[in-house]
Amino acid sequence: MNIFKNPPRENWRNLCERPQLDLDSLTGTVKNILENVKRSGDRALIDLTLKFDNVSLEQLEVTNDEIQQSEKYLSASLKNSIQLAARNIQKFHAAQKRDVLTIDTMPGVTCWRKATPIEKIGIYIPGGSAPLFSTVLMLGIPATLGGCKEVILCTPPNEKGGVNSAILYAARLVGVTRIFKAGGAQAIAAMAYGTESIPQVYKIFGPGNQFVTKAKQLVSEEGVAIDMPAGPSEVLVIADETADPSFIASDLLSQAEHGPDSQVMLVVNEKVTVDSIIKEIKNQLETLPRKDTAEKALANSRIIIFDEESAGIDFVNEYAPEHLIINTKNSDEVAGKITNAGSVFLGAYTPESAGDYASGTNHTLPTNGYAKAYAGVSLDSFVKYITFQKITQEGIKTLGPIVEEMAEAELLQAHKRAISIRLKQINS
């Protein structure tokens, strides 16, 4: 990890840059995949699965027998853990339901807003070396709570052409309606356009690598809604001299092991012994099964030292991390000054991995600085709000002349006439 001490503010933008692939090459590759799936449907998905995953598929949809059999491959302990996590996630998201609030803006004019489910939802679950069954809980539970009628799931097959048992178990637990063996940008294309097997959806959720993120961005330009730009994972830890170096190292490595394009950042004050943290990172790194992956991520990561706490907080808000861990003696006070972050973890005993799995908050969060404008997934992500209004004769008599005058000023005579005709009828 590269170390910077009191970098001037004009350099912060460079320090906040995330690792990127060749964007021109990335965009071109993903566009070709999207067009291939749009043109050839299932045939393209099967061919691309063979090309990218080295797996030959006869059919894309996971059968009911495969889903039911998945349970026997999981330990009772893991199933209990998944169930407990699901209860916490369900409890947190159920509390986000809103009552319909009716407002009389003036006598005779009533307005309200009502949540209605997004009927067709697509969930993308990364597979490969890290099958994220926890994301099934994070997306499937609020989709069910929101009342979505159709919730399909796409995930890449393993080397045997199957799907990770924990993914299937979690999907069954939360009420996913259909599951398909498709990964990468081609899965996003299938859900966006529809194929012979995979139905078209109205909104696509789920994290992924830069190919998946780019595919989501491109299909959103064609009218398919997406949750947010959620690309490679990242964490920023802000720590002071009271923080245990082993805690800091473990938190940084927990994100570094996600993928080589992940990024971890550490912001500390001048009282922190950085050498002890680096030593801990090296020691813990040696025991990680995903050591090579974590090492590549650490190459893109930084330690930044600030003499002033306020400068460190300003830098955090400029970076806008997906995950922010505040491991300081005054963590609550620091948290009150955070304006840009996906999800915040306070104190020495709140690791980011708790939120990744089982505390109850959602782990599908904005990355790459998008936390400046986007929030993480919530129950609201699975519904849309329709506004309603009802005006009585009394209301139109009061409001009508105001609308007439405004429409006249905008030179929209038909708008004015829609009011005038009604007022004339009432007054006749």
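I began with ring pairs: rings of Phe, Tyr and Trp (its six-membered ring) pair if their centres lie within 6.5 Å, and planes under 30 degrees apart count as stacked, over 60 as edge-to-face and the rest as tilted. By that rule I found eight aromatic pairs in the structure. This is a predicted model, where local features need pLDDT of at least 70, side-chain atom pairs count only at pLDDT 80 or more, and totals for chains, interfaces and linings use all residues. Numbering runs from 1 along each chain as its sequence is written, and side-chain values use heavy atoms, with hydrogens and water left out.

Trp12 and Phe315 make an edge-to-face pair, 5.5 Å centre to centre with 85° between the planes. They are 303 residues apart, Trp12 in helix 1 and Phe315 in helix 13 (helices are DSSP runs of H or I, at least four residues, and strands of E, at least two, numbered from the N terminus). Both Trp12 and Phe315 are buried (under 20% relative accessible area; exposed is over 50%, partly exposed in between, with a 1.4 Å probe and protein chains only).

Next I checked Trp112 and Phe388: their planes are at 5°, so the pair is stacked. Trp112 sits in strand 3 and Phe388 in strand 14, 276 residues apart. Trp112 is partly exposed at 27%, and Phe388 is partly exposed at 31%.

Which residues cluster with Trp12? I noted Phe306, Phe315 and Tyr319 in one aromatic cluster with Trp12.
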